[in-house]
Structures are given as structure tokens and as C-alpha cells.
Amino acid sequence: MDLNQYVEIFLEESKEHLQSLNEKLLLLEKDRQNLDLVNEIFRSAHTLKGMAATMGYESMATLTHEMENVLDQVRNHKKQVDPRLMDTIFHCVDLLEQMILSISDGGDGNLDSSTVINELQGIVSGNSTLPNVATDVEIKSEDRNQITFDEYEKTVLHQSLESGFLVYHLKIFLDQGSMLKSARAYMVFRALEQFGEILKAIPSVEEIENEDFDHEFSVILISKNQQEDIKKEILHISEIVDVQITTISSTLLNEHDKKVETNSQAQQNNQNIQQHHKGPTGKMIRVDIERLDELMNLFSELVIDRGRLEQLSAEIRNSELTDTVEHMSRISSNLQNIILNLRMVPIEQVFNRFPRMIRDLAKELNKKVNLTIIGAETELDRTVIDEIGDPLVHLLRNAIDHGLESVEKRIKNHKPETGEISLKAYHSGNYVFIEISDDGSGIDKEKVLKKAIERQLISQEEARNLTNNQIYNLLFASGLSTADKISDISGRGVGLDVVKSKIEALGGFVSIESELGKGTTFTIQLPLTLSIISAMLVRIQNEKYAIPLSSIIETAIYRPEEIMYAHKQQVIDFRGHIVPLVSLKKVFEVPDGDIEEEDISVVIVRKGEKMAGLIVDSFIGQQEIVLKSLGSYLPHVFAISGATILGDGQVALIIDTNSLIK
């Protein structure tokens, strides 16, 4: 059998099991007597072993087999969970992740695991830390192969029997050594479909797909074929050791109905209570992300055409056309929301890898750290999720390495010896905010200023007039560090310029708050999506530009006499704040045209706490636009983040306001 068709499924499911292993191991490290966790870890290792053996990845199968041996001794009370055992199992997971990476890159996953296997075997062969337990108590779970039918299924069964069909209950038994049970079950379903209709599977198809069953499952089949033919066909499938088939008659079905009715009456009160505690159920489907990208690209074209139709409707002023266009706009807006929501994924996909990273860094640095994650269910567009991981890794490494003090220093400063790091995500408007906080030593402002002056980033005079936030923002200058000792893990300030650049490239920004001796918080603000955005269209002479609405505070018109000067810079008084003006005509070197306005049109934009007033010739209006890249030919155009096609076919450049705010 060609197993290549299962490689993608194997990789995806393996990654899920490895993530589960990391999570459960971290919990076990805090609760070492919890045998439920040990059993869950054992099952994940066992499933990985079976999948790897079936797919022919021998190194992975061998390593997980040795892991099983250690875990089996723990769950049988022959070994205790201790630091050596935990470190070894974590090492196994790291090696398994490398093997999966090798396979996803087209390799065979055969990496040298001799060192960690020797360590695992050493744990097994060592003296037992607890006396052997003579007998294990086995608790059998509820028999899931017991058949129950809902009203629809009973109706179908009765009608089928009345029409002369046969109803079979097939009990299929897999080889105990079968490693890819779901694949075998799938082959059984495919074979049965040629004989008739599968009405029901016990356990459910979803549970069978997830291999949440032992080595047997049942199927209710409606057919006109003889059971001998069906059995013969199923037994031809590899690793199927037996098939038991019984015929369900009308009499048997009626007896079944009465039995179920009696049982359900006795359990009705309990079921009514349970209904109040059940959450909404739904069916999930996995879709290739490339298909979603293609869907978004097609819808982007529709948005452009929608803009054109709205423009034509306004020009022609036909009531029927106007009504139709308005209806189409409402429908397409709803469709847009659905498509955007399809692309939204929980940020936990990024957050999930951090507890393990923090655990390893804490051990390496001999620090005690507690990581708290809040808001992991917060959703972001996939394109943003793909890019935000590295900046967060850097900020977290900074927090644990140079943010948190050593255990000795924390005790000396009357702090708990365990440092706290918080990772929090939440929605606000059209943005997602991510906060990385530590209760460490905080940022020494005087040290930052001293370093900045030494590197000639600012003068002595400028340093005296800086606010706290302006001082902290100096840390984003390239290479500026206040760390007394730069480690290979991080350095407070080293690389923060890269973090800032990455986040601003995503249309967001990062800010810092800190209190000496109390701790530091980095706040990242990111747009929900980068595909379709709301923008204000403006005109500069004969050219059109788009300014993202998320960056705009307000639009205003000023008279020439209201313009002031400060340090040879044009400024305005905006609600008590002195805001510098930026002439977009000068920035983009727009040629002079026929437009000459007496009053000055200004778009007030902001980046964090900073603001600027962008001078334009006129406002066109608000519109949803599709963000298009300028491509490889124009990769670095100052203050331009992309372009969009307007309804009339014209191209408007999208302004990157972050680069215009100093």
C-alpha cells in the first residue's frame, strides 16, 4: 500500500501529539503524583509509536517505544517522577520534533537518538524507587459498542426492512499490533460502501478518525448483499483479523426500541440536568490554507468591482440600479465577514510553545519562573499569526534573562523567589493587543540615557527634556543595551530594533512601560487583518492616496493663520496638544497641479502616544480597500506599505503613517 498519501495526515497529527506531550509534561512536573497525566502522556507516546511504525519511520518508533517503557514503569508504581526522568522525557520530545521536521522537509526522520535511548534504558534498569506492585487493578470503561438509534435512524431502519433490504450489524476486529487503526477503519468503510449504505458507526466516525477506540468497532449496514460476500471482502483488508455479522430483524428492532424507551425514561431527569451544562456542539472541517488564500484573492477582486458598481450607481442615479447595488453591498459585506473569520485563528497556536521555552530557560539560568497566559483564545488573521512568533520569543527571552532577577537577588529585595511573567492577549476595536510583563528589576532610565549619550543617539541637552516613554523608546535603537553582561540568550535592548521593525511592518507598534524595581511591560498593538482594510481616500494634486482608518484620530480643516512654528517646524494646536505637520506633497514629491486650496486639510494620525498632522489637498471619503503588495520591484518605498485598485480602475498608494511620525 502506498503510504505517501498519509504523510501529511501523519505530520499534522504528530505535531498535535507533540504539543500535547509538552503541555502534559509541564503539568506533570508541577504535580508529579498525578497518574492520570502519566497515562495521557503514555497514550500519546503509544500513538506516535504506532503511527511512526506504520509509516516506516523506524528511528521515531524506536525512541517512542523506549519512552513507553519508562512511562509504563511510572504508571505501574515502579518508578517515581523525578527531575532526571522529566529532563530525559523532555529531551525525547525535542528529538521527536526534530524528526518530524526532517520528515516534513522530505527526509526519513532517522536522527541519532542513541544518547537519549541509553538514558531511558538506564532509568528502566535502575533500582526501583518504589516496591513492585503485584497486581494492577483494571477498571473497564463503559461499553461504547452498545447500539442506540435516534428517531431518524429508527425510521430509516424500519423503512429499509419494509422495502426488502437487509440490515447488518458488523463487528470488525483489528490486529492487536495494528499501528494505524484509523487508516484500516477508513479502508473498511470504503469497502462497505460498495455493498450498500452505512447508517451508523460505533464509536462515532470522528472518534474512529482520532483513533479514540481500542481494536474493534461496529457498523450498521443497509444492504441487499449476502453477509458471506461482505465478510469475505472485509477480511481481504490487511490487519482485519475477524468480522462478526448479525442480522437485525423487525422483531429485534422493536424489542430494541422498547428497551431503549425503558432506559431513557429512567434516565430522563439526569439527562435534563446535563443539558444545562452542555456547550454548543459543531462539526469541524480542515481546509488547506492555500484554498482560503485563493478564496480571499477572489473576494478581493469582488471588493474592487463592488467599489466600481457603487461609483457607477452614484453617477447614473437609477433607483433600481441603486437598490440592487445596495443589496449586493450588504450581501458582499456579510460574505466578507465570513471569509475574514475563516482566516482568523486563535493566538494560542503561537502561545502554546512558550511554556516549554520558559521552563528550559529557567533551568538554564537557575531561576524560578511562573508563566501566566491570558487570552490565548484571542483570534488574529493567519498572516499576522505567522509573523508574530519571533518578536514574542525575543521579548520573552529578554524578560526571563535580564528582566527577572536571580533567586538570591529577589530574596534580598524582599520579593518572592519565583519570578512572574505574564503573556496577555485581548481585542480592542480593530486591534489585538499583546502584553508581555515581568515583575523583575525594571528599566534603569539613567543607565539608558547614559548609553544613548555615549552612542551619540541624543545630546546631553535633549536627554534632560525626554519623558519616561521617550527614554524607554531609546531601547529600540539598533544595538543599544543596558545589560551589564550580554548573554547568548538575550540582552535588554539587543535586537529590540528588529522587534520594532517586524511589528511595524505588520501595521502595528510596540511600546514600553517600566518601574524600577517593580518590572516592565511591553505592549504590542496589531491589526486584526492585513487583507481588506478600511481607509480614508485623500487627494494630493491629481493623485489619490489611502490612509488606513485604524491610524486616523480625526480629520480637520485649519485656516492658514492657525498654523504655528516650533523649532522651524509647522505645528497645529490639536485639543491642547502641539502636533507637527507633515506635507504629503513634499514627502512624495507630487508635481504641482491646478488644485490650490486656501484652507488646509489635515488628517490627524497617531502611533502610540505620538501624533502627526498629514497635510492633503482634499478628502475623498471612506472606503474599504484591498491591500496589494508593490512586489519585488518596489520593495522599500518610503512611507508606502502597498497599493489598492479603486472602483474606477485607478491605483492609489497606501500610506504607512508609522514612518511619518517621528
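Axes here are lines fitted to C-alpha atoms, for helices over the stretch in contact, and angles run from 0 to 180 degrees between N-to-C directions.

Hi everyone! What you see is a predicted model, where local features need pLDDT of at least 70 and side-chain atom pairs count only at pLDDT 80 or more, while totals for chains, interfaces and linings use all residues. Residues are numbered from 1 along each chain as its sequence is written, and side-chain values use heavy atoms, with hydrogens and water left out.

First, the whole chain. It has 21 helices and 22 strands; helices (H or I, at least four residues) and strands (E, at least two) are DSSP runs, numbered from the N terminus. Of its 662 residues, 43% count as buried, and buried means under 20% relative accessible area, exposed over 50%, partly exposed in between (1.4 Å probe, protein chains only).

Now, how do H14 and H15 pack? Helix H14, residues 354–365, meets helix H15, residues 382–403, at an angle of about 30 degrees, with the axes 11 Å apart. H14 and H15 are therefore roughly parallel to each other. Contact (heavy atoms within 4.5 Å) is made by residues including Phe354 and Met357 of H14 and Leu392 and Val393 of H15. The residues of this contact of H14 with H15 divide into ten nonpolar, one polar and two charged. For those groups, Ala, Val, Leu, Ile, Met, Phe, Trp, Tyr, Cys and Pro count as nonpolar, Asp, Glu, Lys and Arg as charged, and the others, Gly among them, as polar.

H15 also packs with helix H20, residues 496–505, at about 150 degrees, with axes 10 Å apart. H15 and H20 are therefore roughly antiparallel to each other. Among the residues in that contact are Ile388 and Leu395 of H15 and Val499 and Ile503 of H20. The contact of H15 with H20 has six nonpolar, two polar and two charged residues.

Finally, please find glycine 593, in the loop between helix H21 (584–587) and strand S18 (600–607). Is glycine 593 buried or partly exposed? Glycine 593 is partly exposed, with a relative accessible area of 26%. Leaving aside neighbours within four places in sequence, glycine 593 is in contact with Gln541 and Asn542. Glycine 593 and asparagine 542 lie 51 residues apart in sequence, and 6.7 Å apart in space, C-alpha to C-alpha.

How values were computed. Parallel < 35°, antiparallel > 145°, perpendicular 65-115°, else oblique.
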